[in-house]
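Open the model in your viewer and keep the selection panel at hand. The stops below go element by element.

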Amino acid sequence: MMVQLLCSTKVYEKLKQELSKYQIEIKQDSELVLVEKGYDIPSGKLSVVFDAIDYMDVIKLLVSGVRENVHFMNTLTGLSDNKFAVIEPRDVLYLEAGPEGMMAYTKSNHYSIKETLQYYENIWAAKGFIRINKSQLVNLLHVKEIIPWFNSRYVLRMDNHAELEVSKMFSKKLRNTLKM
């Protein structure tokens with residue numbers, strides 16, 4: 001995949017670094033253009049306009065679109081009790097990075113997984129997964145209640161009765177996503 005970038009130098013460097021992780025090339029003659037707000041939208045090309053502060057959302061959009069048809073990207077393989085299980089995203093309540101490594105939690109079990117939280121944040125954003133703090137990514141389909149907490153934070157009560165805290169830093173993103 002190739003994209004053209006029309007943005008400030010600072011954002012260009014950030015996008016260049018992130019795009020290289022997914023083997024997405026930057027080409028001036030690409031038909032797909034990522035345009036930072038405030039820059040002219042080129043005519044005759046497919047353009048995605050983004051706010052500089054949300055540049056990672058553009059990466060998520062591109063990566064989830066590029067890999068939408070690849071089945072293995074739509075599942076994860078987890079290890080529990082010396083057995084591997086292939087798990088659909090809809091069955092995952094949340095993912096957590098902790099001292100024992102990455103874990104995926106379902107209603108009935110938890111599994112050790114290999115990929116990073118950032119990896120799943122990028123490829124599963126379109127499936128309703130959202131980062132709620134530095135170490136957890138939650139599937140909004142399994143959130144039963146959202147409880148306002150002090151200092152602009154929230155507590156998410158999951159349908160397995162687990163309670164997860166949304167940090168102040170990620171609470172704005174949650175409010176925007178759920179139109180709260």
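Buried here means under 20% relative accessible area, exposed means over 50%, and partly exposed lies in between (1.4 Å probe, protein chains only). Helices (H or I, at least four residues) and strands (E, at least two) are DSSP runs, numbered from the N terminus. This is a predicted model: local features need pLDDT of at least 70, side-chain atom pairs count only at pLDDT 80 or more, and totals for chains, interfaces and linings use all residues. Residues are numbered from 1 along each chain as its sequence is written, and side-chain values use heavy atoms, with hydrogens and water left out.

**Stop 1: helix H1**

Select residues 9-21. These 13 residues form H1, which reaches 19 Å from first C-alpha to last. That is close to the expected 18 Å, where the expected span is 1.5 Å times one less than the number of residues.

Which residues of H1 are buried? Colour Val-11, Leu-15, Glu-18 and Leu-19. They sit on the same side of H1, because they cover an arc of only 100 degrees around the axis. The arc is taken from the directions from the helix axis to the C-beta atoms. Now turn to the face away from that buried side: the exposed residues Thr-9, Lys-10 and Gln-17 are there.

Pick Tyr-12, also in H1. Tyr-12 is partly exposed, at 25% relative accessible area. Beyond its neighbours within four places in sequence, Tyr-12 is in contact with Leu-5, Cys-7 and Ile-26; contact means heavy atoms within 4.5 Å.

Step just past H1. Gln-23 has a positive phi of about 55 degrees.

**Stop 2: the parallel sheet**

Show the four strands of the open sheet, in the order S2-S1-S3-S4, with parallel pairing. Its edge strands are S2 (25-26) and S4 (46-50), each pairing on one side only. Two strands pair if DSSP finds at least two bridges between them. S1 (residues 2-6) and S2 share two bridges. Val-3 has Ile-26 in S2 as its bridge partner.

Bring H1 back. H1 lies across S1, S2, S3 (32-36) and S4, at about 165 degrees to S1. Axes are lines fitted to C-alpha atoms, for helices over the stretch in contact, and angles run from 0 to 180 degrees between N-to-C directions.

**Stop 3: helix H3**

Select residues 117-124. In H3, seven of the eight residues are buried, among them Tyr-119, Tyr-120 and Trp-124.

**Stop 4: the hairpin**

Finish at S10 (residues 129-133), where five of five residues are buried. S10 pairs with S11 (residues 136-139) in the antiparallel sense, over four bridges. Two residues make the hairpin link from S10 to S11. Pick Arg-131: its bridge partner in S11 is Leu-137.
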